[in-house]
Amino acid sequence: VFDSGVGGLTVLGALRARLPAERLIYLGDTARVPYGTKAPETVRRYAVNVTELLIERDCKAIVIACNTASAFALEAVSAHVAVPVIDVIRPVASAVAVSSTHGRIGVLGTRGTVASGAYLRALARIGRPLHVAQQSCPLFVPLAEEGWTSGEVPTRVAERYLADLLARESLDSLVLGCTHYPLLRDVIADVVGRCSPTPVRIHDSAEHTADCVARKLAADGLAAAAAGDGSLGF
């Protein structure tokens, strides 16, 4: 499991809860965080490099626990290795498209993820008419990395990013399109509750991705024995 920093730990936690018998290895590329401001070719190079390090440790599957890397590097990583590669965009896109009551979905992401259009494409594949509004939130990642996940500063930042979006779009669903953003979930939920004229359900990719990984390992005959001793490595 890899991410540009600590955000992917939200996915790791869901994987640990869903697959307790598996041996999990996490690589947070904090030397090169954030990925969201980098050029697509740079993100692809970083993602392939990180994947090579994980494959050297005999990993049987790779989880790209980073939305920017999922958007720009999924095909490159998949072509580079012979093991299953699971991203964090398609699982949550499928889930929110089905559960959205009125088909009005907001996506918060890094500049890179928003510019890539990856969520727009993933949601369009569902085949249901949807209205999707995107908002880049570049300061959320450094706030999460610094541990500024509550208080006045993150609240003011969230209000700046979200107030106009929520007032304008009448959303029923909001996707936290970066694995760092769940670390700011309480702040985001507070702003949503105060600024949205309609009820909004907040989604992040962690549990949806863990379910997707579990299904893929089972389908490919790669799942660890239920009685096995799981472990965590960093």
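**Before you start**

Residues are numbered from 1 along each chain as its sequence is written. Because the model is predicted, local features need pLDDT of at least 70, side-chain atom pairs count only at pLDDT 80 or more, and totals for chains, interfaces and linings use all residues; side-chain values use heavy atoms, without hydrogens and water.

**Stop 1: the whole protein**

Show the cartoon. The protein has 10 helices and 10 strands. These are DSSP runs, numbered from the N terminus: helices are H or I with at least four residues, strands are E with at least two. The radius of gyration is 17 Å, close to the 17 Å from the globule rule for 234 residues, so the protein is as compact as a globular protein of that length. That radius is taken over C-alpha atoms, and the rule is 2.2 Å times the number of residues to the power 0.38. Switch to the C-alpha trace: it spans about 50 × 35 × 35 Å along its principal axes.

Now colour by burial. Of the 234 residues, 51% count as buried, meaning under 20% relative accessible area with a 1.4 Å probe, protein chains only. Contacts are heavy atoms within 4.5 Å. Among contacts with a separation of 6 or more, 77% join residues 24 or more positions apart.

**Stop 2: Ile-188**

Select Ile-188. Its place is in helix H9, residues 185–195. Is Ile-188 buried or exposed? Ile-188 has 0% relative accessibility, so it counts as buried.

Next, show its neighbours. Which residues does Ile-188 touch, leaving aside those up to four places away in sequence? They are Phe-140, Leu-162, Leu-174, Leu-176, Tyr-181 and Ile-202. For a distance check, pick Gly-117: its C-alpha is 22 Å from that of Ile-188, and the two are 71 residues apart in sequence.

**Stop 3: the largest nonpolar core**

A nonpolar core is a set of buried Ala, Val, Leu, Ile, Met, Phe, Trp, Tyr and Cys residues joined through side-chain atoms within 4.5 Å. The largest one here has 24 residues. Select Leu-108, Phe-140, Leu-162, Leu-174, Tyr-181, Ile-188 and Val-192, which touch the most other members. Helix H7 (140–145), helix H8 (152–169), strand S8 (173–176) and H9 each supply at least two residues of this core. H8 gives the most, with 6 residues.

**Stop 4: a second core**

Move to Val-43, Val-48, Ile-64 and Leu-74. They are among the 20 residues of a second, separate core. In soluble globular proteins, nonpolar side chains tend to be buried together.

Methods:
Buried means under 20% relative accessible area, exposed over 50%, partly exposed in between (1.4 Å probe, protein chains only).
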